[in-house]
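Here are some notes for a colleague opening this entry for the first time. Please keep the model in view while reading.

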Amino acid sequence: MVKSVYVASLASSMVVNLLFMIINIYVGGEWSLSWSSKAAAEAEAVAEIACSGHRRAYLDGLVGDGNEPVCECNTCYTGPNCSHFIPHCTADADSGDPLFLEPFWMQHSTSSALVVSGWHRMSYSFNDNTLISQHLESLIRKLHAFVGTAVTQERYIVFGAGSTQVLSAAAYALSLANSSSSHSPTRVVASVPYYVLYKQQVEYFNSEKFKYEGDAHTWRNRSESDASTNVIEFVTSPNNPDGLLNKAVLHGPNAKTIYDRAYYWPHFTPIPAPADEDLMVFTLSKLTGHAGSRFGWAVVKDETVFNKMVLHMQVNSIGVSKDTQLRAFKLLKAILEEGTQIFDFAYQTMKSKWERLATTLSLSNRFSLQKINPQYCFFYNKVRESSPAYAWVKCEKEEDKGCYAVLKAASIIGCKGNVFGSEDNYVRLSLVRSQDDLDILIQRLQKLVSEEDGAISM
C-alpha cells in the first residue's frame with residue numbers, strides 16, 4: 001500500500017513538473033527556446049553572413065583572427081566577403097559537387113533547418129535493434145511513389161554512407177550470390193563511357209571475389225563462348241558522363257545487374273516510368289544536393305541479397321550515422337511537404353544551364369555535345385528534353401585528340417575522357433556546380449569558340 005501511494009505521488013509530481021516546464025517554455029502564445037536558443041542564435045548569425053552572394057560562411061568552417069566565421073568563396077572569387085573577382089582564373093568544371101541546389105535550401109531555410117540535442121541517438125542502434133530509421137525508410141518509399149522514380153512495394157531498403165558504400169555492398173552481395181556456382185572471381189563490367197568509381201572500387205579492394213573486366217559490350221562478345229562465367233554489370237541510368245538512360249547489355253542466369261540511379265530525378269531527365277530493376281541505388285547528393293551528408297540507399301528485390309548487403313554495412317561501418325539519417329529525414333520531409341518545388345527549381349536551373357552551354361557550342365565547328373532524345377515524362381505529364389548533370393564534349397578535329405589539354409589551355413578544367421574508359425577526344429564538363437562556376441565556364445567557352453576559324457557568329 002505504501003509503495004502504491006509513493007508511485008502515485010511520484011507520478012503526480014512528474015506531471016506537475018512537466019506542466020510547469022510547458023508553461024515556462026510556452027510564453028505569450030509562442031514557444032520560447034531554452035537549451036536550443038544559443039545554438040539557434042549561432043546558426044542564424046552565420047547564415048546572415050552574405051559573402052556577396054559568392055558562397056557562404058559556416059559554423060564549422062574557416063575563422064578569422066577574432067575566431068569569428070569567415071566566408072569560404074566560390075572559384076574565382078576572393079576577399080573577406082568574396083567580392084573580388086579573379087579575372088584570369090580557371091573555370092572548374094571537373095567535380096560533380098551539386099552546389100546548384102544551395103539557393104533552393106536558402107529559400108527554404110525554415111523547413112530544412114535542424115537543431116540536434118547533444119544526447120540525440122547515442123546508441124549504435126534504434127529501439128527496434130536495427131541500424132536504420134523506420135521513419136526515414138517510410139519517407140523514401142513515399143518519395144519514390146510521389147515522383148514515380150522507383151517501385152518500392154515488396155522491396156527491401158538498405159542505407160549506406162552515400163551511394164559509394166551502397167554500390168560496394170551491392171557488388172559484394174552479388175559476388176557471393178554468384179560464387180556458389182563457380183570458384184573463379186565474378187567479373188565486373190560497365191558500358192563505356194562508365195562511371196569510374198566502379199573500376200576504382202574493384203581494383204582498390206583487390207578482392208578474390210570479383211575482378212574488373214572493362215567494357216560490357218566487349219565482354220558480351222567474349223563471353224558467348226563461356227556462358228558459365230559469373231558477371232556483375234553496373235548500369236548507370238541516366239549515365240555519368242553522357243546522361244543517356246542506359247539499359248543492361250548482359251542477360252542470362254549468370255549475369256547480375258546493379259542499376260545506379262543517382263541521376264534518375266526530374267532535375268536531370270524525363271521520368272518515363274518507375275524503375276523496376278532487382279537492385280537500384282540512389283543517393284541524397286543528387287536529389288537534394290547534400291553530398292557532404294554521405295547518405296545513399298538501395299532498393300532490393302531479393303531478400304538474400306538484401307541480408308548480405310546489410311551484413312556488409314554492419315561489418316564495414318556499423319551502419320550509417322544517426323545524425324546523417326536525421327538530416328536526410330528532415331530534408332525528405334521538407335520535400336514531400338512542399339510538393340514539386342525542389343523538382344521545379346532544380347529542373348529549371350539545370351535546363352537553363354544546359355541551354356546556355358548548348359547554345360554556346362552550337363556556334364562551334366570544333367566541339368560537339370552528346371545527343372539525347374526527348375521523352376515523355378510522367379512526373380510533368382509532357383514530352384521534355386533532358387537537362388543532364390554533365391556535358392560530354394567531343395573535340396571533332398584530328399589535331400585535337402587531347403581534348404582535355406585543348407580546354408585546359410583555354411583555362412577550363414574538365415574530366416578526361418579516358419577516366420570513363422573512352423577516348424581522349426572526349427571531356428566531361430560538370431554543370432551541377434554553382435552558378436558562378438557555370439558563368440565562368442560559359443565565358444571561357446565563348447572566348448574559345450570565337451577564336452575558331454569558320455565559327456558561326458551570334
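How much of the protein chain counts as buried? Of its 458 residues, 47% do; buried means under 20% relative accessible area with a 1.4 Å probe, protein chains only.

1. Ground rules. This is a predicted model: local features need pLDDT of at least 70, side-chain atom pairs count only at pLDDT 80 or more, and totals for chains, interfaces and linings use all residues. Residues are numbered from 1 along each chain as its sequence is written, and side-chain values use heavy atoms, with hydrogens and water left out.

2. Overall make-up. The protein chain holds 14 helices and 21 strands. These are DSSP runs, numbered from the N terminus: helices are H or I with at least four residues, strands are E with at least two. Take the contacts in the chain with a separation of 6 or more: 70% of them link residues 24 or more positions apart. Contact means heavy atoms within 4.5 Å.

3. Main core. The largest nonpolar core has 75 residues. Such a core is a set of buried Ala, Val, Leu, Ile, Met, Phe, Trp, Tyr and Cys residues joined through side-chain atoms within 4.5 Å. Trp297, Phe343 and Leu429 touch the most other members. Helix α12 (residues 341-362) gives the largest share, eight residues. Domain 2 (92-101 + 340-457) and domain 3 (134-338) each contribute at least three; the bounds come from an automatic or database domain assignment.

4. Around Phe343. Leaving aside neighbours within four places in sequence, Phe343 has contacts that include Leu143, Phe146, Trp265, Ile335 and Tyr380.

5. Second core. A separate core of 27 residues includes Val158, Ala173, Val188 and Val300.

6. The sheet. Seven strands make an open, mixed sheet, ordered β8-β14-β13-β12-β11-β9-β10. Strands pair if DSSP finds at least two bridges between them. β8 (156-160) and β10 (210-215) are at the edges with a single partner strand each, so one side of each has no neighbour in the sheet. β8 and β14 (residues 296-300) run antiparallel, joined by five bridges. Gly160 sits opposite Gly296 in β14.

7. Helices on the sheet. Helix α5 (residues 134-147) lies across β8, β13 (279-283) and β14, at about 115° to β8. Helix α7 (residues 197-205) touches β9, β10, β11 and β12, and makes about 150° with β10. Axes are lines fitted to C-alpha atoms, for helices over the stretch in contact; angles run from 0 to 180 degrees between N-to-C directions.

Terms used:
Buried < 20%, exposed > 50% of the residue type's maximum accessible area, 1.4 Å probe, protein only.
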